[in-house]
Amino acid sequence: MNSEMTEDRHVKELWQSQATEGVRMSVEQIRSEAMRFERKIGQRNLREYIAALFVILFFAVEFVRMHDLMLRVGCGLVIAGTSYVIWHLLTKGAPGRMREDAGRSSWIEFRRAELVRQRGLLRSIWRWYIGPLIPGVIVVFIAAARAARHSLIIWMADAVFVVAVFLGIAWLNKKAERKLQRQIEELDAQSQG
């Protein structure tokens, strides 16, 4: 059994160490991929802007409706945090543009830089996306518990739901980050081939 595992490992190492012929894409294919990526990022950002609009509207209505100062502060913090997320996405997450008449190497460099930039955005999700929302959410939860507007079980269910949403957002972004990393590695392999 041990010799079979050693042989399997040896075969695997040989297979992985083989030189590969990189698939070379034409400038048109690279441009097409870059434009498809640009559209995808634009669609992602649009979804985020729409979601942020709903969050801001909901908490603005709650801000006006609530008379408890702490709840109003919490709503204001959520609105401020959401506004920061949108500003960050507008300034750091907007898709880049490349000249149509650029050559193959320029398109490869541009595509790689865009992939790296978007990967970095996803890597720092806790800092610019989830983090700015946490203070407002905490203040709202403390104010709601203090005002005893909900039973403890409902309050805890709400807290678990919010934590699950934040963790779900982080997980989805980590998954997208890994996908971008694979694309960067494929592009690197292609440009060396």
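Me: How many helices and how many strands are there in the chain?
Reply: The model is a predicted one. Read along the sequence, the chain follows the pattern α-α-α-α-α-α-α. The count is therefore 7 helices and 0 strands.

Me: What percentage of the residues of the chain count as buried?
Reply: A residue counts as buried when its relative accessible area is under 20%. The chain has 193 residues, and the share of them that count as buried is 31%.

Me: Among contacts between residues at least 6 apart in sequence, what percentage join residues at least 24 apart?
Reply: Contact here means heavy atoms within 4.5 Å. Among the contacts in the chain between residues at least 6 apart in sequence, the share joining residues at least 24 apart is 78%.

Me: Are H3 and H6 roughly parallel or roughly antiparallel to each other?
Reply: Helix H3 covers residues 69-92 and helix H6 covers residues 134-147, and their axes are 7 Å apart. They pack at an angle of about 160 degrees. Angles over 145 degrees count as roughly antiparallel. H3 and H6 are therefore roughly antiparallel.

Me: Is the crossing of H3 and H6 left-handed or right-handed, and how do the residues of their contact divide into nonpolar, polar and charged?
Reply: The crossing of these two helices is left-handed. Their contact includes Met70, Leu71 and Val73 of H3, and Val139, Val140 and Arg146 of H6. By class, the residues of the contact of H3 with H6 are 13 nonpolar, 2 polar and 1 charged.

Me: Is H6 roughly parallel or roughly antiparallel to H7?
Reply: H6 and helix H7, which covers residues 152-192, pack at an angle of about 170 degrees, with axes 11 Å apart. That angle makes H6, relative to H7, roughly antiparallel.

Me: Which residues of H7 make the contact with H6, and how many residues of that contact are charged?
Reply: On the H6 side, the contact is made by Ile134, Val137, Phe141, Ala144 and Ala145. On the H7 side are Trp155, Asp158, Ala159, Val162 and Phe166. By class, the contact of H6 with H7 has 9 nonpolar residues, no polar ones, and charged residues numbering 1.

Me: Is Glu114 buried or exposed?
Reply: Glu114 is placed in helix H4, residues 104-123. Leaving aside neighbours within four places in sequence, Glu114 is in contact with Phe37, Ala94, Pro95 and Gly96. Its relative accessible area is 10%, so Glu114 is buried.

Me: Is Arg111 buried or exposed?
Reply: Arg111 also has its place in helix H4. Leaving aside neighbours within four places in sequence, Arg111 is in contact with Ile30, Glu33, Ala34, Phe37, Gln183 and Leu187. At 8% relative accessibility, Arg111 counts as buried.

Me: How many aromatic pairs does the structure hold, and what is the centre to centre distance of Tyr84 and Trp87?
Reply: The structure holds 4 aromatic pairs. In one of them, Tyr84 and Trp87 form a tilted pair, with 35 degrees between the planes and a centre to centre distance of 5.6 Å.

Me: Where do Tyr84 and Trp87 lie, and how does Trp87 count by its accessibility?
Reply: Both residues lie in helix H3, 3 residues apart, which is about one turn of the helix. Tyr84, at 34% relative accessibility, counts as partly exposed. Trp87, at 43%, counts as partly exposed.

Me: Are Trp128 and Tyr129 buried or exposed?
Reply: Trp128 and Tyr129 form an edge-to-face aromatic pair, 5.4 Å centre to centre, with 90 degrees between the planes. Both Trp128 and Tyr129 are buried.

Definitions and conventions: Residues are numbered from 1 along each chain as its sequence is written. This is a predicted model: local features need pLDDT of at least 70, side-chain atom pairs count only at pLDDT 80 or more; totals for chains, interfaces and linings use all residues. Side-chain values use heavy atoms; hydrogens and water are left out. Axes are lines fitted to C-alpha atoms, for helices over the stretch in contact, and angles run from 0 to 180 degrees between N-to-C directions. Helices (H or I, at least four residues) and strands (E, at least two) are DSSP runs, numbered from the N terminus. Angles under 35 degrees count as roughly parallel, over 145 as roughly antiparallel, 65 to 115 as roughly perpendicular and the rest as oblique. A crossing is left-handed if the near helix is turned anticlockwise from the far one by less than a right angle, and right-handed if clockwise. Ala, Val, Leu, Ile, Met, Phe, Trp, Tyr, Cys and Pro count as nonpolar, Asp, Glu, Lys and Arg as charged, and the others, Gly among them, as polar. Buried means under 20% relative accessible area, exposed over 50%, partly exposed in between (1.4 Å probe, protein chains only). Rings of Phe, Tyr and Trp (its six-membered ring) pair if their centres lie within 6.5 Å; planes under 30 degrees apart count as stacked, over 60 as edge-to-face and the rest as tilted.
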